[in-house]
Amino acid sequence: MKKSQLYGLLGGFISSAALAVLYVTDKNYLLEGYEKLSWLIIWAACFIAVAQERSAKEDQFIGFYEALRPAFQTFVYAYVIKTIFIYLLFVYIDPELLELSKQKAIEIFIEHKPAEEPQEIFNGRLEAYKKEYFGPRLFDLGIMLEVILGFVLSAITAFVMRRDRPDY
C-alpha cells in the first residue's frame, strides 16, 4: 500500500471520527461550520504523506510534481471517505439533520435579503428556496468546488514541502 493511500485512509477515518464526535456532542455543530475541522485533519494527512514521501528518497530531494501526486491522492482518499460518512449520516443515520440544515439555510437566506428588493419578490424567492432539496448529494457543484479546493491545498502543500536539487 502506498503512503498516500495509507494516510488518505487514516485521514478519512480520523476526520469521520471527528465528525462523529461533533454529532454526538451536539448536532448543531455540524451545521454551524465546525465540520471544517475535518479539512484540517485531511490537510495534515496530506502534509504527512508528502513528508514521508520526501524522507523515503535517498537524497531527500523532491520536486513540485513529485510532491503534488501523493498530496492530492491522499486528499482524494480522505475526502471520499468523509463524503460517504456525511452522506450516510444525513440520509440514513439521522434524517432529522436534513430538516435542521434546511432551517439553518432558510435563516441564512432571510438574513441576506437585499435591502432594495420588494417584499413580494423576496417572499416568492423564499418559497421557491424552501421547496429545494437541502440534503447532501453525491454529485453536486459543492463537491466539485471542494475537490478543486483540495487540489489547491495539495498544491500549496507540495510547494511548501518540495525540495529541489541545488544547481551547483
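Visitor: Let's start with Ser-4: is it buried or exposed?

Guide: Ser-4 is buried, with a relative accessible area of 4%. Keep in mind that this is a predicted model. Ser-4 lies in helix H1.

Visitor: What does the side chain of Ser-4 make a polar contact with?

Guide: The side chain of Gln-73, at 2.9 Å. Leaving aside neighbours within four places in sequence, Ser-4 is also in contact with Ala-49, Pro-70, Thr-74 and Tyr-77.

Visitor: OK, and Lys-82, buried or exposed?

Guide: Buried, with a relative accessible area of 2%. Lys-82 is found in helix H4.

Visitor: So which side chain does the Lys-82 side chain make a polar contact with?

Guide: Ser-38, at 3.4 Å. Setting aside neighbours within four places in sequence, the contacts of Lys-82 include Ser-15, Ser-16, Leu-19, Glu-35, Trp-39 and Ile-42.

Visitor: Which residues of H3 are buried?

Guide: Ser-38 is one of them, and the others are Trp-39, Ile-41, Ile-42, Ala-45, Cys-46, Ala-49, Val-50 and Arg-54. An α-helix has 3.6 residues a turn, so residues three or four places apart point the same way.

Visitor: What covers those buried residues of H3?

Guide: The cover includes helix H1 (3-25), helix H4 (64-93) and helix H7 (141-161).

Visitor: And how far does H3 reach from its first C-alpha to its last?

Guide: It reaches 29 Å over 20 residues (37-56), close to the 28 Å expected at 1.5 Å a residue.

Visitor: Switching to aromatics. How many aromatic pairs does a search of the whole structure find?

Guide: It finds 10. Take Tyr-87 and Tyr-92: their ring centres are 6.3 Å apart and their planes sit at 75 degrees, so that pair is edge-to-face. Tyr-87 is partly exposed at 23% relative accessible area, while Tyr-92 is exposed at 58%.

Visitor: What about Phe-109 and Tyr-129, why is that pair called stacked?

Guide: Because their planes are at 15 degrees, with the ring centres 4.4 Å apart. Phe-109 is in helix H5 (residues 96-111) and Tyr-129 is in helix H6 (residues 119-130), so the pair ties together parts that are 20 residues apart in sequence. Phe-109 counts as buried, at 16% relative accessibility.

Visitor: Which residues do ring pairs link into a cluster?

Guide: Trp-39, Phe-72, Phe-75, Tyr-79 and Phe-151.

Visitor: Let's zoom out. How many helices and strands does the chain have?

Guide: Seven helices and zero strands. The radius of gyration is 20 Å, well over the 15 Å that the globule rule gives for 168 residues, so the chain is more spread out than a compact globule. Along the principal axes, the C-alpha atoms fill a box of roughly 70 × 40 × 25 Å.

Visitor: And what share of the 168 residues counts as buried?

Guide: 35% of them.

Visitor: Last one: among contacts with a separation of 6 or more, what share comes from residues 24 or more positions apart?

Guide: Those account for 78% of such contacts in the chain.

Key: Residues are numbered from 1 along each chain as its sequence is written. This is a predicted model: local features need pLDDT of at least 70, side-chain atom pairs count only at pLDDT 80 or more; totals for chains, interfaces and linings use all residues. Side-chain values use heavy atoms; hydrogens and water are left out. Rings of Phe, Tyr and Trp (its six-membered ring) pair if their centres lie within 6.5 Å; planes under 30 degrees apart count as stacked, over 60 as edge-to-face and the rest as tilted. Buried means under 20% relative accessible area, exposed over 50%, partly exposed in between (1.4 Å probe, protein chains only). Helices (H or I, at least four residues) and strands (E, at least two) are DSSP runs, numbered from the N terminus. The expected span of a helix is 1.5 Å times one less than its number of residues. Contact means heavy atoms within 4.5 Å. A polar contact is a pair of N or O atoms within 3.5 Å; within protein, one must be able to donate a hydrogen and the other to accept it, and residues adjacent in sequence count only if both atoms are side-chain atoms. The radius of gyration is taken over C-alpha atoms; the globule rule is 2.2 Å times the number of residues to the power 0.38.
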